[in-house]
Amino acid sequence: GSREHVHEHDGRRRALGAALPAGLRGKMSAVLDAIAGGRGTVAAGLVVALPGSTYRASREPYTSATGGHFYDRVLNWGRITYSISSRGGEIPSVQFTVRLTDTDRTLARIYEGSRRDEIRGSAASVYLMTPTVAYNSEPVFVGVVTKLSFPAPFQAEFTLRTNDDQIQRLSPGGGWIPNRVTWPRAKAEVFDKVSPILAGTHDASYTQTGPGLVKCLLVDTVSHVYLVCAGRAKGTAGVPITRVYVDATQVSASNYTASNTTIGGRYYTIITFTSSAPTESQTVTCDAEGYESVGDGTGTLITNPATQWAHRLSNFVLGDYMSGAWLSTHALIDSTYLSAAEAYFTLLGARASTNEDERRTGKDITAAYCKSFLMRSFWTRGGKIALRYEDIFALPYTGYRLRWYRDELGEFSLVEDDYQVTSRIVLRFSRSASQYSYLSTLELVDASASSDTQDSLDLEMSEAR
C-alpha cells in the first residue's frame with residue numbers, strides 16, 4: 001500500500017491501543033507476579049456459597065488471612081476449558097467437576113436437609129492463591145453449582161458451570177407481552193407478539209418511498225392507537241417518530257400524534273391517529289430512531305454495536321426495565337472488554353440497528369450481534385460475558401515461529417482445490433423488520449476461481465437505512 005495508507009493504518013492502531021483499558025494490555029496480576037518471582041507457594045481453592053454456610057476446599061490445607069481456612073478435601077480437579085465462539089457468535093459454556101472427600105458428611109447433611117433444593121444455583125468460585133496476596137485476587141473460574149452428587153461412599157462431586165441460565169431467558173420478559181389488561185381493545189393478532197424492541201436508526205427514505213421499516217401494532221381499535229416499541233424512542237424536537245405510512249403511503253403528520261405513555265408501570269412509544277384513521281385491515285409502519293443513552297429522550301442515540309448489545313442485555317434480558325432511566329450495565333457483562341469493543345467500533349464508525357416483535361434468548365441476541373460485526377463472545381475467568389472483535393488493523397504476527405517436518409504433518413500441499421474455497425458470497429444488510437427482508441445486497445466474486453462455490457451472510461443487526 002501507499003505510504004499514506006500505512007501511516008493511517010498505524011495511526012488507527014495507536015489510537016485503538018490508547019483506548020484499550022489497562023486490563024487488556026497484558027498486565028500481570030499480583031498473584032502471578034508473586035508466583036513468577038518465587039515469593040510464595042501456590043494453591044487452588046474452591047469456595048461455594050451453600051445454603052447457610054460457605055464451603056472452602058483445596059487439595060492441601062491452606063489458610064488465608066482474608067478468606068479463612070481451606071480444608072484438604074479436593075480429590076480431583078476436573079479440566080476447565082475456555083473457548084471463544086465461532087463466527088456464529090454463540091457463547092460456549094464452561095463446565096467441569098470437582099471431586100471431594102466428605103468423610104465428615106458436611107455436604108451429605110446439606111443434601112439430605114430441608115434446603116436441598118437451594119444447592120443448585122449456589123455461587124461457586126475457584127481461585128489461584130498464594131500467601132502474599134488476597135485469596136480472591138486471581139479467579140480461575142466463577143459460576144454456579146449445577147449438580148451435587150455422591151459417586152462413592154464418603155465422596156461428593158460438584159458439577160460447576162458458568163452462570164448462563166440468565167442469558168437463556170427469553171427477551172423481552174413476560175411483562176412486555178400485550179394482554180387484555182394492558183391493551184383491552186387491541187387487535188387479536190397483537191397478543192401473539194411482544195412489545196417491539198427498537199434500537200438504532202430505521203429510515204426507509206434512503207432506499208424506498210415506503211413502507212416504513214418499523215411495523216406498528218394496533219393496540220386500540222377504538223382510539224386508533226399503534227404501538228411502536230417498548231420504552232421511549234428517541235426523536236427530533238421531542239417527537240419520537242420520523243414518518244408514518246399506511247399501506248406503504250406516507251401520511252401527513254397532521255393526521256397523527258406520536259407520544260409516550262405509561263401503562264401498568266411500563267413505558268411505551270405510541271402513534272395515535274387523530275384523523276383519516278386507517279382501517280384494521282391496513283398496515284401501519286413508520287420510520288424512527290430507537291433508544292437513546294438516558295431513557296427520557298434527551299440522550300444520544302445508541303448506535304455503537306457493542307453498546308447496543310450491552311444495553312439490550314442489561315435492560316431486556318438480564319434486567320427487566322419498566323420506565324424512567326435505563327438500567328445500568330449488568331454486572332454479568334465484563335466492562336473492560338466492553339469498553340475496548342466500544343472504542344474499536346467507534347474508530348470504525350460502525351452502526352447497528354434492530355427491531356423485533358418476537359421473543360428470543362440472550363444467547364441468540366449475542367450471536368446475532370457477533371455475526372453482524374465480526375465479534376466473538378466468551379466467558380471470562382471472572383465469570384462474566386465478554387466480547388472481542390476481529391481487529392482489521394492488526395499486523396501479521398511477527399513473534400516466534402514453530403517448525404514442523406513434513407512427516408509430522410501428514411499429507412501436505414500448498415495448493416487447495418477451488419471447490420473447497422468460497423468463490424462467491426452474497427452479503428445482505430439493512431434489514432426492514434416491517435417487510436421481513438433486507439433492503440441492500442452486496443455480491444463479491446473471485447473471478448479467478450475455476451468453480452463457483454457460493455455462500456451467503458445476513459447482517460441482521462446492520463444499520464437499517
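**Sheet, helices, pocket**

I looked up the sheet and found an open one of nine strands, in the order E3-E4-E2-E1-E7-E8-E9-E6-E5, with mixed pairing. Strands (E, at least two residues) and helices (H or I, at least four) are DSSP runs, numbered from the N terminus. Two strands pair if DSSP finds at least two bridges between them. The edge strands are E3 (62-64) and E5 (74-77), and each pairs on one side only.

I noted the source: this is a predicted model, where local features need pLDDT of at least 70, side-chain atom pairs count only at pLDDT 80 or more, and totals for chains, interfaces and linings use all residues. Residues are numbered from 1 along each chain as its sequence is written, and side-chain values use heavy atoms, with hydrogens and water left out.

E6 (residues 95-101) and E9 (residues 155-161) pair in the antiparallel sense over seven bridges. Arg99 has Glu157 of E9 as its bridge partner.

Then I turned to helices. How do the axes of H4 (residues 305-316) and H6 (residues 362-373) cross? They cross at roughly 175 degrees and come within 11 Å. Axes are lines fitted to C-alpha atoms, for helices over the stretch in contact, and angles run from 0 to 180 degrees between N-to-C directions. H4 is therefore roughly antiparallel to H6 (angles over 145 degrees count so). Contact (heavy atoms within 4.5 Å) involves residues including Trp309 of H4 and Tyr369 of H6.

Last, I noted that helix H5 (335-348), H6 and strand E25 (424-432) each supply at least two residues of the lining of the second largest pocket.

Conventions. Parallel < 35°, antiparallel > 145°, perpendicular 65-115°, else oblique.
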